[in-house]
Amino acid sequence: MTIPRDDDPDGKTAAPPTTRRGLLTATAGVLGIGVAATVLGPVAVMLGQPLRHDATEGEGDFIPAGPRSLFAGDKPVKVDLYADRVDAWNRVVQVKVGSAWVLAQGGTLVALSTVCPHLGCGIDYVPEESKFYCACHKSYFAIDGAVETGPSPRGMDALELQDDGQLVSIRYRRFKIGKKTQEPA
Amino acid sequence: MSARDFLEERLGLASAWRGFVDRPWPGGPALRHAVFAALVYLFVQQALLGIALTTYYSPSASDAWASTAYLNDQVGMGWLVRGMHDHGASVFVVVATLHVVALAVSRAYVRPRELMWFAALAILGLALALGLTGNPLPWDEKGYWAIQVELGIAEQTPGGSIIRRLVQGGSAAGNLTLLRLFALHAFVLPMVVAALLVFVARQRRRHGPAPAGAARAGSYGDGQLLLDAIAMTVTAAVVLGLTVHDHGSELFAPADPTSGFQARPEWYFLFLYKLRHYFEGPLEPIATMVIPGAAVTFLLAAPVLEKLAGKLGRIAVLGGLAIMLAGSLALTAMAMADDRKDESYQKSLVEANKLAERARALAKTGVHPQGGGAVYWNDPEYKVKQLYIEHCRNCHALEGFGGGEAPELTDYSSRAWLSALIRNPNDERFFGKTKHDTMEPYGSDKLSDEQLAATVEYVVSLMEPEQTLDAALVAKGAALWKDELDCNTCHEIDPGKDNEGPNLAGHGTLAWVERVIRDSSKADLFGSKAQMPKFQGKLSDEEIAALSAFVVARRSPPAE
C-alpha cells in the first residue's frame with residue numbers, strides 16, 4: 001500500500017478505499033460528531049446565556065437625584081445617580097449607575113442622559129455657549145437636547161423625572177446608540 | 001480548479017488525512033492501542049470545557065465562590081459544563097493510568113520507546129497536578145481545606161516552605177493563591193500536557209504504538225480508527241453519564257477559615273490519604289514522600305530493569321505495577337469504607353451540605369462584593385441577628401448565648417417561661433439582677449401546679465385573642481388572679497392603666513415587645529425602675545420591628 005505524498009495531492013497512487021474501509025471511516029465520523037455535540041452543545045448554551053438573560057439589574061427604578069433646591073438655578077446641573085445593582089454574581093450597594101443633566105424648561109424640570117446617542121461618550125455642558133457638547137466626535141446639542149451639528153443621529157435622550165417639590169428623582173435607563181429613534185438597550 | 005483542489009494545494013488536508021489513515025499498523029487493531037485516543041479526546045474535551053468556564057469564573061478570593069455558584073446555578077447548562085469538567089478530570093486520571101498500564105502490557109517501555117514511556121508517566125503525574133490545582137478554584141469549603149492540607153504536606157519536604165510561599169503567593173491563602181493556581185491549571189500544565197501528547201503521537205507514528213508480535217498487513221484505517229472512535233465515544237459517554245447521575249458537581253459553602261470542615265481529598269488522592277494514617281508523627285514523610293517517590297522511581301527504571309534482567313525484569317515491571325494498582329485500589333476502598341462508618345464525618349457532611357444549600361440559595365440574589373462568606377448577608381435573619389448581638393445579647397440571653405443582667409428571652413412569654421417566672425421572679429434567669437424585686441415568688445406551697453397552669457392560661461389569654469386557649473382553665477385562672485392571688489393589685493389588664501407592675505394587656509405580642517424596646521420605662525410598662533436603654537431614636541422603626549419579630553418568632557408554639 002502506498003502512502004500519498006504532498007506532491008501527489010490527488011492520491012492517485014493510493015489504493016482506492018474499499019467499501020469496508022469507507023464504512024469504518026464513516027462510522028468513526030458519526031461517532032466523532034456525536035461526541036463533539038455532547039461537549040459543544042452545552043458549551044454553546046452556556047456561552048449564549050447573555051442572549052437570553054441580562055446579567056445586570058438595577059436600572060428601572062426612580063433614583064433620588066437631589067433636593068429640588070439644587071436645581072433652582074438657570075444652568076443645567078449634572079447629577080450622578082446611585083442605585084443597588086446586581087452584576088452577574090455580585091450585588092453592589094449604592095454604586096454609580098449613570099448620570100444626567102437636569103435643567104428647567106418652561107418651569108418644569110427635565111433630565112437628559114449624559115450618554116451621547118452617537119457612540120456612547122459622555123456629554124458635557126459648555127456654559128459660554130449654553131450648549132451641550134460631546135468631545136469625542138464633536139456633536140453639539142442645543143439646551144433642549146436637540147442635535148445642532150455633528151454626527152449624533154438623534155437628540156440627547158430624555159429621562160423620566162419625578163419632582164414632588166422637595167425631592168427630584170430620575171428613572172435611569174440606557175438606550176441603543178447610533179439609532180435615529182430612541183430604543184431601549 | 002475546483003475549490004477543493006484550491007484548498008488541497010495550499011493546505012494538503014486531504015493527503016494528510018490519507019497519510020494518517022493509510023499509515024501501516026503492523027500488529028493489527030487492538031483495544032489497548034485505543035487508550036491513547038481516549039486520552040487525547042479527554043484533553044481536548046477538558047480544554048474546551050475549561051475555556052467555557054473561564055468566561056464566567058473569576059479567580060479572586062472574593063469572587064471565586066460567587067462566580068462559581070453563579071455559573072453553576074444560574075447560567076444555562078453551566079452545571080453540565082462544570083460537572084463534565086470535574087468528572088472529566090476524574091476520568092482523565094483513570095485513563096492516564098490505563099495508558100501507562102497499556103504501554104506496560106504492550107511492552108512499549110523498552111528500546112526504542114523509553115521516552116514514550118516516560119511521557120506517559122509524566123502525563124499521569126500532570127493529570128494529578130491538574131486535579132490539585134483545579135479543585136481549590138471554586139474556593140468552597142472542600143477546595144479551600146484541600147489546598148491547605150496539600151500545601152501543609154508540601155511544606156514538610158526539603159525546601160517545602162519555599163514551595164508553599166511560591167504557590168500560595170505569601171504566608172496566607174488569598175487572591176494570589178487563586179491566581180497562581182489558576183495560571184498553573186489553565187495555562188502552564190495544559191501546555192505541558194499538550195506538548196507531551198503531541199510527543200507521544202509522534203513517537204507512535206515513528207516507532208508504531210508497540211512492538212508488534214506477528215506482523216500483520218493493514219493500515220490504521222482498517223480497524224484501529226474505528227476502535228479509537230469507539231474508545232472516545234465510550235469515554236465521552238462515561239463523563240456525561242457520571243455528570244448527569246450526580247446532577248453536576250458538588251459546590252460546598254464558601255471557604256471559611258474558621259470552620260471545622262472535615263477535609264477529604266479528591267477520590268484519586270484517597271489512597272495517599274489512607275497511606276498517611278499508617279505513618280504517624282515523624283514517620284509521616286514515609287507515606288507522603290518515600291513510598292510515592294520509590295514507586296515513581298521504580299516505574300521510571302522499567303526500561304533499565306528489563307535491559308538488566310531480561311524476562312525477570314519484565315515480570316518485575318508488570319508485577320510491580322500490579323502491586324501498586326492493587327494497593328492503591330485497596331487503600332482507596334478502605335478510606336471510603338472508613339468514611340462511610342465514621343458517624344462524625346457523615347454528620348459533618350450532612351451539615352456541610354445543608355450550609356451549602358443555604359449559601360447557594362442566598363447567592364441567587366447576588367453576593368456582596370466582599371465575596372465568599374458575605375453571601376450570608378443576604379439572609380434577612382442575618383441582619384437582625386447582628387442587631388440582637390450588638391444591642392440586646394449583653395443583657396438578654398437567647399438560646400444559650402449572652403445574658404446575665406436581664407430576663408432571658410429564650411422561649412419568651414411562652415407558657416413554660418411564664419410558669420417559671422411566677423414560681424420565682426427573682427431567679428437570675430428573670431428579674432434577679434434587675435431592680436424589679438417587689439413581686440413575690442409563688443412556690444408550690446402557695447400555688448399548686450394545677451392553679452399555676454390556670455393562672456398562666458389566664459395570662460396567656462391577655463396576649464392575643466387568637467391564642468388556642470383552654471376556656472375552663474382561663475376562667476379558673478381569672479378567679480385566682482383577682483381573688484386568691486391579688487395579682488391585680490400590681491398588674492393592670494386594661495390597656496393604658498399603670499400600676500406598680502407592668503400592665504399585662506397584650507404582653508408578649510409584637511406590638512408590646514416593640515414598645516418595650518422603644519422605651520421600657522413607660523408608666524404602664526416597667527416604670528422608673530427600668531434599666532433597659534431606650535432604643536427609640538437609636539434604632540429605626542424597621543429595626544425595632546425586626547428585633548421584636550425576631551424575639552417573638554422564637555417562642556415555641558403551645559404544646560398540643
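Helices (H or I, at least four residues) and strands (E, at least two) are DSSP runs, numbered from the N terminus. This is a predicted model, in which local features need pLDDT of at least 70, side-chain atom pairs count only at pLDDT 80 or more, and totals for chains, interfaces and linings use all residues. Residues are numbered from 1 along each chain as its sequence is written, with chains lettered from A and ligands numbered from 1 in the order in which they are written.

**View 1. Ala505(B) sits in the loop between helix 19 (471-484) and helix 20 (510-518) of chain B.** Leaving aside residues up to four places away in sequence, Ala505(B) touches Leu462(B), Ile493(B), Asp494(B) and Pro495(B); contact here is C-beta atoms, placed from the backbone, within 7 Å. Val459(B) is 46 residues apart from Ala505(B) along the chain, and their C-alpha atoms are separated by 8.9 Å.

**View 2. Helix 13 (residues 302-309) and helix 14 (residues 311-341) of chain B pack with their axes 6 Å apart.** Their angle is about 150°, so the two helices are roughly antiparallel (angles over 145 degrees, taken from 0 to 180 degrees between N-to-C directions, with axes fitted to C-alpha atoms over the stretch in contact). Among the residues making the contact are Leu305(B) of helix 13 and Val317(B) of helix 14.

**View 3. Chain A meets chain B through 31 residues of chain A and 41 of chain B.** Helix 1 of chain A gives the most to the chain A side, with 16 residues.

Terms used:
Two residues are in contact if their C-beta atoms, placed from the backbone, lie within 7 Å. Angles under 35 degrees count as roughly parallel, over 145 as roughly antiparallel, 65 to 115 as roughly perpendicular and the rest as oblique.
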